[in-house]
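Hello,

I am passing this structure on to you. My notes on what was found follow below it.

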Amino acid sequence: MGQFILRRVGLMLITSICLTFVVFFLTNLFPNLEKLAKTQGNFRMSEAEVTSFLEDRGYLQPLPIKYAQWLGVLPGYVIEGKDGTVRGKCIKPGMLQEDAARFCGVLQGDWGYSTVFKDDIGKLVLIRLSLTGKLMFWVMLLMIPSALIIGILAGMREGSSTDRTLSTISIATTATPEYVSGVIFIAVFSSTAFGLKWFKGTAAKAMEDANFENFFLPVLTIALYGMGYIARMTRASMAEVMTAQYIRTARLKGVSFTNIVMKHALRNALIAPFTVIMLQFPWLLNGVVIVETLFNYKGFGWVLVQAAGNNDIELLLAVSAVSVVVVLLTQLISDIGYVYLNPRISVT
Amino acid sequence: MEALTWAEILSRMFYQLTPVWIGMIALFSISIYYKRNLGLYGKLFDSKIGMIGFAIVMFWVFVGFFAGALDMISTHDPLSQVSGMKNKVPGTPFRGAEEGDYAFYLLGGDHLARDVFSRVMDGASIIIVIAPLATLFAFMVGITLGLPAGYFGGKLDTLLSFIANLILAFPVILLFYLLVTPEIRMTGLPQYMAIFLFSFPILFFAVLINTRYYIEPQKRNILMFIVVGLLSYLYLSLINEPGTKVTVFNAIDGFDVPGGLLTVFVSVVFVNSPTVFRIVRGLTLDIKTRDYVSAAQTRGEGAWYIMLWEILPNARGPLIVDFCLRIGYTTILLGTLGFFGLGLDPESPNWGATINEGRKLLSIYPHPALPPAFALLSLVLGLNLLADGLREESLKD
């Protein structure tokens, strides 16, 4: 087991390095840098000015060197610009050249400086992540129990009318992307046109003070899309378990139906949904981006959109590194959990 | 003129959709009459869920066809802005209507005073062309790479699986934001990706024909010349675009695809193919242990013949089901792109962009955002139900 985890962590590191390098490559293509220079400086810069702007800030070094500096395995650049000021990767605003560290990359715990938010990225991402964490917590709390209940109810009597109804409902929720359900919810529950006004159409206030009125719609919107898929998986696995020999034996012994479902079937039926729930994380991340944009909730997904829209290179790298690690970690946890839950499977 | 009531709006929309109803009635009566001779497609009409799904999907296909190709259903030009019609509620009379103009905005006007009804109907024609086509390309890539990965295994499998997992670990929206920007388009990167990804169908068909007819060289050569020639022509026309980085084939460029559209297309194919790859690889691993594969191996058939003519046909059931589901997923992805204002021209009436524009005034004027939202929802729902029906019917035998 230890070896398996070690191998997976190694693979995870290689994957994150490959992916951040891809992001690095794409964000450092010249047209992107040009856009960055123009938004940072001014829009009427000539080509020569753009070049010198980029050169002074170390953007025109060869790609592998820049990447190594970002990682922190090469010393950060120190460049004396054409205007005479000395700029360095490790020289923060208001810092003397002599005080700056030689290495300042991810390995040193320095994620860089955001050009959009004018803030330290490590701090920024952490704050936004905690906001998204709050959102995800409530999403999970709503999504998992309701998905499991729907799946179990549908799967325990396969082919019944309850099963048909619940299956159709789960298909409908998987067919409703967040931007559709979110728009419908806002229009129905918070617009003046329908006159219901039960909830708030924006979750901006929920960042400090979340309550049912301003937080329920975004949570519901994300939960709904993932719910159908988990429910269908639970239903399939429940239906399979219910046809097993030991369930028939229990029935013939005269155990009540409730007891069969609760005590005999449930434990085995919940192995598959566990994996599915863990693998839903990457999808939920997508939902988070859409919902945070739609409801104006300034969490991690919102930062992703801002960083990508403004080509904030270091922020984008941090965001992609974090999301890739989240995705791979959940895969790892789902694999390990699967082994623990199902003794028939071994990793070696 | 009085504004229309909801009953009038609905009946007028129903009337406006007449060609679609005629098309659907014709299709369904023919299909149900001949359903015993139509294989899996015919069996679909035995399942209620499958039939409902198919009806919804065909509804949008017909709408897309009649609105896009024949210009029949829309009441107004989806791009023209009419003063005085801004944010007007559904059923508002068309201001300053002249002879030949349709007298109402059936579903109201959006924030740029365009007709919502016409935009939704014309949006269907974009989706029903791009989504299946992109899914088809993704399947070509996934099948061409997934078959050898599953069949040969070893280093090739490790490498391809690693790359597939790499792409899958990327959050889709981040990938879109990195790939589908005007700046990236300027570097020509999407076109290079198109050169790579779109070569797979040619490769696939070339191998397909060669493995089948290599004992009859003459027949093979003729077929190969026709099919590969035609595909290559389409391929070169697709990737070549005057005024961009790829202009080598200007002389034979048959048609132009707007840069934004090509980029969207490429990224959707790119995002979808790793999943298809994984499915095909899994199916191949399963099927290659069957007896008929051993029989073919003993007969001395080549590896590619076994993959394409023994394994692939026997994997068709799950693949067809996944194809339907994946068209739905592609539709959602295209909508996501539109929602973030990426790729396609924001003026164009694609549903995602229309939802995105409508959401800004959602709490005051919800009517421009809701019709495209329901349209997208119903199409994806239809595809899901269709896939469900197909799965049920293909499991029966």
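A:Lys118 lies in the loop of chain A that runs between strand S3 (113-114) and strand S4 (119-120); strands are DSSP runs of E with at least two residues, helices are runs of H or I with at least four, and both are numbered from the N terminus. Although A:Lys118 is not a glycine, its phi is positive, about 50°. Most residues other than glycine have a negative phi.

This is a predicted model, in which local features need pLDDT of at least 70 and side-chain atom pairs count only at pLDDT 80 or more, while totals for chains, interfaces and linings use all residues. Residues are numbered from 1 along each chain as its sequence is written, chains are lettered from A and ligands numbered from 1 in the order written, and side-chain values use heavy atoms, without hydrogens and water.

A positive phi, near 60°, also occurs at A:Asn296, in the loop between helix H12 (281-295) and helix H13 (300-309) of chain A.

Now the interface. Chain A brings 50 residues to the contact and chain B 41 (contact: heavy atoms within 4.5 Å). About 4,000 Å² is buried between the two chains, 79% of it from carbon and sulfur atoms; buried area is the accessible area (1.4 Å probe) lost on putting two parts together, summed over both.

One salt bridge is counted between chain A and chain B (a side-chain nitrogen of Lys or Arg within 4 Å of a carboxyl oxygen of Asp or Glu). A:Arg232 and B:Asp388 form a salt bridge, with their closest N and O atoms 2.7 Å apart.

Regards
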